[in-house]
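Notebook, structure look-up. I went through the model and wrote down what I checked.

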Amino acid sequence: FYFTQQLLPQLMNDSAAKTVSVNEVAFQAAKSFVKEYGAYLRLHTCIAYAAAVRAHDIIKVLLEVGNHDPFHQESIRRFSRASSLVFYEPSTLSAVVERLHNLRSETNKDQRLVTVQLCASAYPDVRPWQVDRECRGLWRRDPKNGKSKDGEVLKELYYKYLTFVLHPTDGHEAARADTKLVTEWSQLSARGCMNLAKSSTNSLEAKEKKKNFFSVASKASSDHLAYKRDLTALLGLSMELKEYLLALDLATEILDDPMRAKRKSLFNSMMATFRTIGCGAIESFRVNDSTGQRTLKRILRLFQRAHGMGSDSDPWVVDAPKEIVGFLNHAAESFGEHERQRLIALVEFLSREAVPKELLLALVQWSSTETKLGADLYHVLRTALQRGASDNDNVVELSNALRRVRQARVSLLSDVPEVKENKTHVDNKTSSAGLWKKMSRGALSLAK
């Protein structure tokens with residue numbers, strides 16, 4: 001009790017108040033205590049506590065005591081039998097940690113994998129920082145040797161360790177609740193997948209890493225509920241992978257939590273994501289291509305949601321008309337003069353999908369630029385005004401004149417008599433009713 005509750009807490013590396021000299025004094029005190037009373041200590045408890053406070057040097061001192069323990073020696077021999085199936089028990093913790101410290105000198109890859117599996121089973125008695133130190137410590141201390149073949153193998157062993165300890169069913173719930181650990185695994189999965197894709201090798205391994213990333217990031221995976229996720233980090237990784245639909249899913253999740261979405265750094269990151277994906281959708285926009293249209297439609301909806309969360313006093317409130325103008329300018333630059341009809345089709349698409357008021361404000365700003373469509377915008381304006389007049393939610397955005405027109409059309413619709421169609425005879429009432437219906441919808445054209 002004195003060792004774990006009094007001496008070890010003084011060695012915590014994350015204490016800002018501790019100086020090097022104070023830590024050295026605490027280390028010497030703990031080391032002397034182990035040398036004198038080591039035979040009376042519970043190795044499992046002491047090593048586990050030392051790992052919790054990241055006291056690596058004290059763990060080595062405790063392992064020296066373990067070398068005189070017959071059970072410790074028997075556990076070492078049992079673990080070294082490659083053909084034997086071994087399971088972790090708390091009493092074997094000292095043997096597991098000693099095998100971990102000898103990981104770099106072990107040449108048998110099967111034995112290395114056994115060690116990593118034992119460390120995963122021993123979580124949280126064996127902490128991830130311990131495995132990271134042995135697997136990637138060489139790379140950090142000596143990058144040149146760390147990039148050697150064996151250095152890369154050891155780094156991959158750490159990834160396998162995280163895969164074991166964070167497995168959705170066979171792993172540890174406490175590890176899956178560690179956001180930092182889950183984020184690290186997601187980063188290694190995503191970037192490992194990208195590196196393997198560039199080298200065009202190990203396609204199966206790349207698919208496995210991508211699957212691991214999606215199991216955390218995607219709501220389509222039932223496993224994502226098992227993890228405590230950092231949506232901001234996952235959003236950035238999905239953009240690096242160019243998984244734009246996944247990025248939009250994550251942005252939607254962020255918007256579902258207004259308190260989180262209003263953080264300025266995260267909000268700006270989301271807006272940048274929307275602009276990047278939106279510009280990509282515009283570049284691939286085709287009249288008969290529904291994929292780009294669906295993506296662009298979804299981004300317009302997300303802009304609308306983000307705009308509804310802010311207020312005029314917010315310094316980072318979404319200016320939807322300005323965003324639409326940015327998309328139109330990008331389209332004008334990308335399409336070129338020879339694709340005028342494609343640009344007109346895009347504007348017509350926006351007239352059907354964007355909020356009418358926001359589109360009209362955007363067109364006012366955009367028409368003042370060098371891009372001139374003139375009469376081609378007539379149908380666009382008509383569609384936007386018709387949608388605005390028929391949209392109950394946006395009546396407050398219309399002018400008084402448009403509201404009066406809308407009310408008149410509603411009364412016209414209610415006054416039109418119901419006429420049953422006759423396949424063999426069309427009387428004057430039917431044609432008259434059709435005329436009034438067209439007028440009530442604002443679709444009646446008159447020859448002048």
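How many helices and strands does the secondary structure of the protein chain come to? I count 24 helices and 0 strands. Helices (H or I, at least four residues) and strands (E, at least two) are DSSP runs, numbered from the N terminus.

Ground rules. I note that this is a predicted model, in which local features need pLDDT of at least 70 and side-chain atom pairs count only at pLDDT 80 or more, while totals for chains, interfaces and linings use all residues. Residues are numbered from 1 along each chain as its sequence is written, and side-chain values use heavy atoms, with hydrogens and water left out.

Whole chain. I looked up burial and found that buried residues make up 41% of the 448 residues in the protein chain. Buried means under 20% relative accessible area, exposed over 50%, and partly exposed in between (1.4 Å probe, protein chains only). The protein chain exposes about 25600 Å², and carbon and sulfur atoms supply 53% of that area. Areas come from the Shrake-Rupley method with a 1.4 Å probe. I also checked contacts (heavy atoms within 4.5 Å). Of those in the protein chain with a separation of 6 or more, 61% are between residues 24 or more positions apart.

Core. I took a nonpolar core as a set of buried Ala, Val, Leu, Ile, Met, Phe, Trp, Tyr and Cys residues joined through side-chain atoms within 4.5 Å. The largest has 107 residues, and Leu62, Val126, Tyr161, Val165, Leu166, Met270 and Phe274 touch the most other members. Helix α17 (residues 264-283) gives the most to this core, with 9 residues. In soluble globular proteins, nonpolar side chains tend to be buried together.

Backbone. Which peptide bond did I note as cis? The bond from Tyr123 to Pro124 is cis, with omega near 5°. Pro124 sits in the loop between α7 (109-121) and α8 (128-141).

Arg54 has phi near 60° and lies in the loop between α3 (43-52) and α4 (56-66). Arg54 is partly exposed, at a relative accessible area of 45%. Lys242 also has phi near 60°, in the loop between α14 (231-240) and α15 (244-255). Lys242 is exposed, at 60%.

Cysteines. I found 0 disulfides in the structure, a disulfide being a pair of cysteine sulfur atoms within 2.5 Å. Cys135 is buried at 2% relative accessibility, and Cys46 is buried at 4%.
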